[in-house]
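Trainee: I would like to learn how to read a charged residue and its partners in a model. Could you take me through one case, step by step?

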Amino acid sequence: QVQLVESGGGLVQAGGSLRLSCAASDIIFSAYNMGWYRQAPGKQRELVARITSGGTTNYADSVKGRFTISRDNAKNTVYLQMNSLKPEDTAVYYCNADATVGGLGRLEHWGQGTLVTISS
């Protein structure tokens with residue numbers, strides 16, 4: 001069974017840093033695009049950053065220059081380095097994996113989420 005397990009969330013002060021990790025199992029990790037999404041209380045889930053299977057990255061405008069997504073295919077892990085954190089970055093962060101596989105169509109998996117709280 002596919003599992004995406006996030007870790008690294010917590011409480012930090014504004015201006016601080018956190019690194020989130022998402023370890024994947026039972027998928028061909030290198031074939032998947034990996035993303036980080038977040039959902040703040042009362043708001044819709046939004047894309048934070050995404051890295052394709054080929055290594056191309058894209059970011060939400062609100063995190064550009066502060067967050068960096070990376071992946072280690074040998075460890076089946078995707079990371080989100082978050083610097084210069086702001087109170088508005090407070091949210092539950094979710095790991096996402098998606099791929100289009102011939103014969104199976106689009107496959108998508110979600111982690112359970114990790115809470116990030118930024119104090120002012």
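Mentor: At 5% relative accessibility Arg38 counts as buried, where buried means under 20% relative accessible area, exposed over 50% and partly exposed in between, with a 1.4 Å probe and protein chains only. This is a predicted model, in which local features need pLDDT of at least 70, side-chain atom pairs count only at pLDDT 80 or more, and totals for chains, interfaces and linings use all residues. Residues are numbered from 1 along each chain as its sequence is written, and side-chain values use heavy atoms, leaving out hydrogens and water.

Trainee: With which residue does the side chain of Arg38 meet in a salt bridge?

Mentor: A salt bridge is a side-chain nitrogen of Lys or Arg within 4 Å of a carboxyl oxygen of Asp or Glu. The partner of Arg38 is Glu46, at 2.7 Å from N to O, and Glu46 counts as partly exposed at 36% relative accessibility.

Trainee: How many salt bridges does the count come to by this rule?

Mentor: The count comes to seven. One of them joins the side chains of Lys64 and Asp61 at 3.1 Å, N to O, and Asp61 is exposed, with a relative accessible area of 64%. Another is formed by Asp89 with Arg66, whose closest N and O atoms are 2.8 Å apart. Both Asp89 and Arg66 are buried.
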